[in-house]
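Please read this briefing with the model open beside it.

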Amino acid sequence: MRFSTTEHRFSLITNIGPERFYKNGWIEELCWVTPTTLAMCTGRPKQDSSGDASVLLTHIGKVKRDDVEVRVQTLEEKPHQKEIVAIAPVQLGQTGNVGVERTSFVTGGADHLVCLWDMIRDSPQEDFALADVNKLQISHTNSVQALCYDAYHERLYTGGADSKLFTYDMLSQKSIGELKIGNRINHIMKSPKDPNLMLISQAQTSDQFAIYDQRTPGLRGIQLSFGFSETENVSRYIKPDWHQSGYMVVCGSQSESKVHFWDIRYSGVQRGPCFSLLTQGSGPSRILRTLFVPNRNTLVSVSSTRTMTWTDFTVQPNSKISSI
């Protein structure tokens, strides 16, 4: 795990090595569950059958210019029968005594299960105590690869390798919608502007992205499809991002060292990216992750060759995204 500062061009603060996590594994997915706590699921080679915990928590303490105070907590519960491949925060609100901190998250596994984890603690200096783990009644028939909680409607959206999108109501604790779409669902993202819209990313060779309006039932809810051309279905390790403005989407290429941009206000967005940008690096690579830095005109991209590139940009008001 690498910690960097957004000042001074994302200069490195420190690295937390595998000896703190799994020596023979990797971080599959992670998310913030509190302002100072990261939850992560890890992957390991199939031949490694040691009985380690399914989820790790990383508590962030004091942050200095050249060091980060980190405390790793292992959760021993293993509700999943196979590896966990997705994890996402869920905001359920505070319960219990005054001063008790509560946090929750959901996990999706290769065993087709979705589990809700609920934890509490008395102070940030303590580890979390697991209050409950529930297996949600969501009927996926293949690996659960995408999780997205909508706090506005108090709904959980799940997507899987079975090409199904489920809507789960957290209040009634039951599934209220099931939609079969084109291909495996890799990611689900909420719109930063409209609580009714979501960006669904699929494993396809074109039109990988769909804007879905949950107010319209069934396939009619897909309002817009767009993407880029690839020779193979896009991997779930290629993850897009949605700018806080609500109209700009970015995603890395699977076959080139490029980052693609789309302006979803543009009537011709279905014809392909508005423009593409070559990234830095010593050779061909996949661009695995792209991320807009909040409240700054800066884009960060990470490649399969472990190269991090940051790009400053300026967007002209009331104009189509066509160049930086």
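Which residue in β20 does D241 stand opposite? D241 stands opposite V250.

This is a predicted model, in which local features need pLDDT of at least 70 and side-chain atom pairs count only at pLDDT 80 or more, while totals for chains, interfaces and linings use all residues. Residues are numbered from 1 along each chain as its sequence is written, and side-chain values use heavy atoms, with hydrogens and water left out.

**Overall picture**

- The protein has 25 strands and 0 helices. Both are DSSP runs numbered from the N terminus: helices are H or I with at least four residues, and strands are E with at least two.
- Of the 324 residues in the protein, 49% are buried. Buried means under 20% relative accessible area, exposed means over 50%, and partly exposed is in between, with a 1.4 Å probe and protein chains only.
- The protein exposes about 16400 Å², and carbon and sulfur atoms supply 46% of that area. Accessible areas come from the Shrake-Rupley method with a 1.4 Å probe; for residues, only the protein chains shown count as cover.
- Among contacts between residues at least 6 apart in sequence, 44% join residues at least 24 apart. A contact means heavy atoms within 4.5 Å.

**The sheet from β15 to β18**

- Strands of a sheet pair through backbone hydrogen bonds, either parallel or antiparallel. Two strands pair here if DSSP finds at least two bridges between them.
- An open sheet is formed by 4 strands in the order β15-β16-β17-β18, with antiparallel pairing.
- β15 (185–190) and β18 (222–226) stand at the edges with a single partner strand each, so one side of each has no neighbour in the sheet.
- On average, neighbouring strands of this sheet are turned by 20° against each other, direction ignored. Axes for such angles are lines fitted to C-alpha atoms, for helices over the stretch in contact, and angles run from 0 to 180 degrees between N-to-C directions.
- Strand β16 (residues 197–202) and strand β17 (residues 209–213) run antiparallel and are joined by 5 bridges. S201 stands opposite F209 in β17.
- D213 is also found in strand β17. D213 counts as buried at 9% relative accessibility, and D213 touches N196, L197, G221 and Q223, leaving aside residues up to four places away in sequence.

**β20 and its two partners**

- Strand β19 (residues 241–242) and β20 run antiparallel, with 2 bridges between them.
- β19 and β20 form a hairpin with 5 residues between them, and G246 in the turn has a positive phi of about 95°.
- β20 also pairs with strand β21 (residues 258–263) in the antiparallel sense, over 5 bridges. D263 in β21 is the bridge partner of M248.
- A hairpin through 5 residues joins β20 to β21.
- In strand β20 (residues 248–252), 5 of the 5 residues are buried, so the strand is largely enclosed by the rest of the structure.
- In a regular strand the side chains alternate between the two faces of the sheet. Both faces of β20 are covered: M248, V250 and G252 are buried on one side, and V249 and C251 on the other.

**Cysteines**

- C251 is buried, with a relative accessible area of 2%, and C274 is buried at 14%.
- How many disulfides does a search of the whole structure find? The search finds 0 disulfides, where a disulfide is a pair of cysteine sulfur atoms within 2.5 Å.

**Aromatic rings**

- A pair of aromatic rings is described by the distance of the centres and the angle of the planes. Rings of Phe, Tyr and Trp (its six-membered ring) pair if their centres lie within 6.5 Å; planes under 30 degrees apart count as stacked, over 60 as edge-to-face and the rest as tilted.
- The structure holds 8 aromatic pairs. One of them is the tilted pair of F209 and F228, at 6.4 Å centre to centre and 35° between the planes.
- F209 lies in strand β17 and F228 in the loop between β18 and β19, so this pair ties together parts that are 19 residues apart in sequence.
- F209 counts as buried at 1% relative accessibility, and F228 counts as buried at 4%.
- F228 and W262 form a tilted pair, at 5.8 Å centre to centre and 40° between the planes. W262 lies in strand β21 and F228 in the loop between β18 and β19, so the pair ties together parts that are 34 residues apart in sequence.
- Ring pairs link F209, F226, F228 and W262 into a cluster.
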